[in-house]
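Open the model in your viewer and keep the sequence panel beside it. The stops below tell you what to select and what to look for.

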Amino acid sequence: MPVQGEYMGMMLTVDDVDVENRDFFKYCAAGEFRLQRGLKSQLLRYPPTTACPWTGERASEWVPVEGRGVVHSYGEVHHAIQPAFKSKVPYLILLVDLDTQKGQPSAHEALRVGGNLVLPDGSFAPPDVIERVGIGSRVRMVFSQVADGFALPQWTLDEQAEQPSSPWRYGG
Amino acid sequence: MTVSNTSDIETSAPRHLRGKYAVCGVGETSYRRGSDQSTRALASWAVGNAIADAGMDISEVDGMLSYSNNDSTFAPHVATDLGMRLNFYTDIYGGGSSTECLIGIAIGVIEAGMCHTVAIYRAMNGFSQVRIGGTGARSAAPIVGDQIHHRAYGWQSAGQMFAPTFMRHMYDYGTTPEQVAAVKVAHSKHASNNPKAFYRQRYSIEDVINSRMICKPLHLLDCCVETDNSTCIIVSRIERARDCPHPPAVIQAVAGRVCKPRGDIHLHYQSGPISTVAGHYAKNILWPNAGVGPEDIDVTGSYDAFTFTTMLQLEDYGFCKKGDGGDYVSNGTIELGGKRPNNTSGGHLCEGYTHGMSMVIENVRQIRGAIDDSCPLGPDGHRQHTYDYAEGGCRQVENVELTANLGWAHPGAGSAVVMAKDHL
């Protein structure tokens, strides 16, 4: 059976043959962020893939990873394309460098995990919060439930972390 | 080999198929919103126009290639409508950067003896059917599997998908919104001299900056136009092209599609720097095979899905130092009258959206010296170009010897072609 759920009015589906994505979202639903790690390379990868990008090895293990990192880049949507997001503008699309494995195996590589900027309860961040976030901001992961056995990782400001005095934002 | 400037390029011996093939015919339909025709009908017009432009009999064109994003007709339909029997055809999935890539494939299949002459077309109702901006059918499609990692976050349209690359370039190199807006200013200037352009109005930097925000860092006028149209080019051996009515645009080299590590539209962000695009790799194939470097090029066709894409590619193909793209596109170089104009038709920002082929057509006409502007026709039927680039005037560049088209799929993938004037 495919894993399926409605999220913000959008139907999200993971086919039953898509075992990598099924497992990924299942761990998210349990409140765990896990990534595949190649047995040979010992390197984590995101998003889920069939094989290790560095060795081509198909076998992997799901390893718990701390959902903390720093905003590497972002986009700020003011004109939504998908109907589900029309009422959410402006919203942020964040590209977050996880602290784990940053700069590995080469200097410019990182586990770059996408997501929106949300409040700790998973609701979309309002404009006054968005304005405090830019490149360099520290964020932590929260999960938005989609269905039984299916949740999406999202990002919220890391209240415990030391934030840059002025994260880089478009237009200053 | 890594090419950092023209002096790195070995030019003493021809490489591969340099100079052996040419674009000998080009054709298109008008750029409209509301074509009132199917993509099949549009394609048959564009292919027919290109074959006529090549001065060929329909029976002589026995190869056909097309590209689409599941939004168009297929080669056998178009061939049937034109009364052609094909010895080779295939329809590929792809948008931007497909044109240059398919020129490479056309050369390969002709060289392999599979056919003699290839028509390459793109037909799309990018405004009135499957909208290129992503509204309508594309955003309504079910979200399945790998797509969840972006589409579920409202991260779907081209502008949304590319925004982190654009933003990071500003962060890494201090590129300003005003600098990239200069791409729109230049291309709108060019379009004002292109009677077939959908938008012929000239814009200022302020117009771009003051237009409404779509997805930071993209204002409305940083984004291309959606139109309905079809375009076609004909590729043949150089010997055949020399017998065609127009001077051939000789193909010097093709690169791509070349991709970054993990070169999928979403996966490429895992490897960096994310402000570097696929041209960084493609240039190492393109320039050595062409036997020329960026400094030798007279006219560029750097794909302008957005103002930023033009800049990023010019930079990574080596037209300026990495990080200096903002200066390069805003210092007058890329404007008609400048050292190396880009997208003299107005490109996708202004002329119309064809996933790249129109920019190749424009450079073929530049090489022919036969740009279709408003200059008067002489008694020989050829346009008498004035080289006065004032609004509504000429857009032919003087003495074009070499052009480079830089096709963009996304930050992680692209392709390119260098074309030259023929010198027997």
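Two residues are in contact here if their C-beta atoms, placed from the backbone, lie within 7 Å. This is a predicted model, in which local features need pLDDT of at least 70 and side-chain atom pairs count only at pLDDT 80 or more, while totals for chains, interfaces and linings use all residues. Residues are numbered from 1 along each chain as its sequence is written, and chains are lettered from A and ligands numbered from 1 in the order in which they are written.

**Stop 1: where the chains meet**

Select chain A and chain B in two colours. The contact takes 38 residues from chain A and 37 residues from chain B. On chain A, strand 2 (10-14), strand 6 (68-77), strand 7 (91-98) and strand 8 (112-116) each supply at least two residues of the side that touches chain B. Helices (H or I, at least four residues) and strands (E, at least two) are DSSP runs, numbered from the N terminus. By class, the side of chain A that touches chain B has 21 nonpolar, 11 polar and six charged residues. In this count Ala, Val, Leu, Ile, Met, Phe, Trp, Tyr, Cys and Pro are nonpolar, Asp, Glu, Lys and Arg are charged, and the others, Gly among them, are polar.

**Stop 2: strands that pair across the chains**

Two strands pair if DSSP finds at least two bridges between them. Select strand 6 of chain A and strand 6 (residues 213-216) of chain B, which pair in the antiparallel sense over two bridges. A:V77 has B:C215, in strand 6 of chain B, as its bridge partner.

Next, show the open sheet of three strands in the order 1(A)-2(A)-5(B), whose pairing is mixed. Strand 1 (3-7) of chain A and strand 5 (143-144) of chain B stand at the edges with a single partner strand each, so one side of each is left without a neighbour in the sheet. Strand 1 and strand 2 of chain A pair in the antiparallel sense over five bridges. Within strand 2 of chain A, A:V14 is the bridge partner of A:V3.

**Stop 3: the nine-stranded sheet of chain B**

In chain B, nine strands form an open sheet in the order 3-2-4-8-1-9-12-11-10, with mixed pairing. Its edge strands are strand 3 (88-93) and strand 10 (299-302) of chain B, each of which pairs on one side only. Neighbouring strands of this sheet are turned by 25° against each other on average, direction ignored. For such angles, axes are lines fitted to C-alpha atoms, for helices over the stretch in contact, and angles run from 0 to 180 degrees between N-to-C directions.

Zoom in on strand 2 (residues 63-68) and strand 3 of chain B, which pair in the parallel sense over six bridges. B:G63 stands opposite B:F88 in strand 3 of chain B.

**Stop 4: helix 3 of chain B**

Which strand of chain B does helix 3 of chain B run at about 115° to? That strand is strand 9 of chain B, one of those that helix 3 lies across. The 14 residues of helix 3 (residues 98-111) should span 20 Å at 1.5 Å a residue, and its end C-alpha atoms are 20 Å apart, which agrees. The expected span is 1.5 Å times one less than the number of residues.

A residue is buried if 20 or more other C-beta atoms lie within 10 Å of its own, exposed if 12 or fewer, and partly exposed in between, with C-beta atoms placed from the backbone. In helix 3 of chain B, 10 of the 14 residues are buried, so the helix is largely enclosed by the rest of the structure. Among them are B:C101, B:L102 and B:I103. After the helix comes B:G113, whose phi is positive, near 80°.

**Stop 5**

B:R257 is found in strand 9 (residues 249-259) of chain B.

Then select B:N343, which has a positive phi of about 45° although it is not a glycine. With 28 C-beta neighbours inside 10 Å, B:N343 counts as buried.
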